[in-house]
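Subject: Structure for you to look over

Dear colleague,

I am handing over the structure below, with notes on what was found in it. Please read them with the coordinates open.

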Amino acid sequence: MGRHERPLDPDAGPVEAFAHALRELRVAVGMPRYRELARKAGYSASALSAAASGAALPSLDLVLSYVGACGGDAVEWEAQWRAVSAVVSRSRPASRPVLSVPHDQQSADAAAGPDSPDRVPVLTGEPVFQNLTAGDPRQAGPYRLRVRIAVGSMGRVYLAYTPAGRPLAIKIVRPELAEDAEFRQRFRREVDAARQVHGLFTAQVLDADTAAPHPWLATAYVAGPSVQEAVTECGPLPSRSLWLFAAGVAEALQSVQAAGVVHRDLKPTNVLLAADGPRLIDFGIARASDASRLTRTGIRIGSPQFMAPEHVLGGEASLASDVFTLGALIVFAATGRTPFGDGVDVAVLYRVVHEPPDLAGLPEDLQSIAAACLNKKAHQRPDLASVIKACRVQSGFTSLKISSNWLPDSHTAQIHRHVAALQRV
Ligand SMILES: Nc1ncnc2c1ncn2[C@@H]1O[C@H](COP(=O)(O)OP(=O)(O)O)[C@@H](O)[C@H]1O
Ligand SMILES: [Mg+2]
């Protein structure tokens with residue numbers, strides 16, 4: 001613990017326990033001063049110190065910068081952060097953000113003074129991008145990586161530009177996966193298939209090098225929050241947005257299906273909300289991870305809340321499995337909850353297979369659509385065209401039409417934040 005840090009009781013709650021673990025990580029690397037860590041982290045000493053204060057859950061970006069500066073494992077810490085964040089968001093109003101520092105202030109006071117836990121940063125949403133740190137690559141094929149967008153289960157995602165200046169999201173596969181020959185083989189096949197997907201609600205796959213030492217995949221950058229981020233920070237979507245959301249994702253899945261691909265990993269971080277509608281990412285490529293040695297030895301990639309029963313039971317995920325997870329995604333977008341609840345993985349997986357979905361809080365007309373998608377029997381689920389038609393009919397509109405105000409103001413403001421952040425890169 002730092003000289004000035006107030007003692008923490010790790011049993012006091014998940015936020016305190018998380019802060020305690022962050023402090024222990026710092027202790028494990030010889031207790032560097034926050035000022036020293038700030039030089040590597042791209043955050044000020046006071047921001048880093050506040051992250052371990054236990055006053056609130058720090059933003060993911062701040063945590064990953066702290067952890068990166070201490071040489072910790074980003075993937076492991078992100079998983080921990082997500083678990084705590086899920087608990088915190090269940091126990092607080094959806095609109096209250098986590099502890100976070102505005103991007104502009106991140107390194108402003110890097111030399112500003114000693115560890116000072118009392119200086120708590122301003123509350124804002126998550127920063128959209130993180131500066132590259134020493135552990136980040138600088139290049140993927142011909143593309144210069146500008147900032148980090150996210151750390152996901154399969155790898156890290158960076159922002160780059162095409163030679164003529166359009167933004168790209170470049171995913172660089174985790175080294176452990178990249179070393180696995182079977183993973184690489186599948187990844188190549190899946191990326192080839194994903195490149196055949198063309199649609200207005202899917203992010204186009206534009207380039208890839210699956211044979212590179214660090215395999216990568218470039219898709220069109222979508223300026224907007226993921227559904228996960230949108231719902232956690234601004235709350236669930238109202239019904240007028242939900243019809244457009246559900247039909248848009250269903251249409252995206254149709255494009256995926258038309259290329260002979262099963263998405264297999266539909267979940268709130270794989271759907272982004274843009275000014276002109278939802279955008280599906282990461283189609284088909286989760287299968288490659290399933291083939292890897294890591295997955296076979298028990299490291300699961302994917303989240304139990306968004307698996308179809310037949311997939312849980314070891315069967316192949318099919319087009320109908322994507323319809324099931326579409327149902328789960330609709331429930332999440334509409335309520336902020338998943339239809340089979342939280343808890344340890346086995347309990348969730350049991351409920352996915354055996355128990356009816358919890359559809360409480362869903363607008364009545366949407367309940368029947370979600371329930372149909374969430375049918376345990378794959379062959380009884382509707383096809384995607386029927387889902388789209390049901391959304392159109394139930395919405396009361398003769399035709400569905402996405403306009404720039406398809407989301408409530410709070411969520412539109414989140415999109416604007418992403419657009420503004422992109423302009424600053
Ligand atoms: N094409 C894209 N445009 C904008 N953001 C993207 C794009 N692709 C990925 N991202 C961002 O990266 C995040 C994590 O991506 P990913 O590596 O797929 O992790 P996960 O396994 O959690 O889905 C997404 O939720 C999104 O915020
Ligand atoms: Mg993803």
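Helix α13 is followed by G336, a residue with a positive phi, near 80°. The model is a predicted one, and that applies to everything that follows. Most of α13 is covered, with 15 of its 17 residues buried.

R264 has a positive phi, near 75°. R264 belongs to the loop between α9 and β8 (271–274). Is R264 buried or exposed? R264 has 26 C-beta neighbours inside 10 Å, so R264 counts as buried. D282 is the other residue, with a positive phi near 65°, and D282 sits in the loop between β9 (277–280) and α10 (286–290). D282 counts as buried because 24 C-beta neighbours lie inside 10 Å; the cut-off is 20 or more.

Next, the chain overall. The protein chain has 17 helices and nine strands. Of its 425 residues, 47% count as buried. Among contacts between residues at least 6 apart in sequence, 68% join residues at least 24 apart.

The largest nonpolar core consists of 120 residues, and I170, A246 and V249 have the most contacts inside it. Helix α9 (residues 239–258) gives the most to this core, namely 11 residues. What does I170 touch, once its neighbours within four places in sequence are left aside? The contacts of I170 are then A140, Y143, L145, V157, Y158, A160, W216 and A218.

On to the ligand. Which of the 18 residues around ligand 1 come nearest? They are A150, G152, S153, A169 and T269. The shell around ligand 1 takes at least two residues from each of the strands β3 (147–151) and β5 (167–173). By domain, at least three residues of the shell come from domain 2 (130–222) and at least three from domain 3 (227–415). By residue type, the shell around ligand 1 is made up of 10 nonpolar, six polar and two charged residues.

P213 lies in the loop between β6 (205–209) and β7 (216–220). P213 has 8 C-beta neighbours inside 10 Å and therefore counts as exposed, the limit being 12 or fewer. P356 is in the loop between α14 (345–354) and α15 (364–373). Because P356 has 11 C-beta neighbours inside 10 Å, P356 counts as exposed. P356 and A371 are 15 residues apart in sequence, and their C-alpha atoms are 8.9 Å apart in space.

Regards

Notes: Residues numbered from 1 in each chain as written. Chains lettered and ligands numbered in written order. Predicted model: local features only at pLDDT ≥ 70, side-chain atom pairs only at ≥ 80, totals over all residues. Near = placed C-beta within 6 Å. Helix = DSSP H or I, 4+ residues; strand = E, 2+ residues; numbered from the N terminus. Nonpolar A, V, L, I, M, F, W, Y, C, P; charged D, E, K, R; others polar. Domains from an automatic or database assignment. Core = buried A, V, L, I, M, F, W, Y, C linked by C-beta atoms within 7 Å. Contact = placed C-beta atoms within 7 Å.
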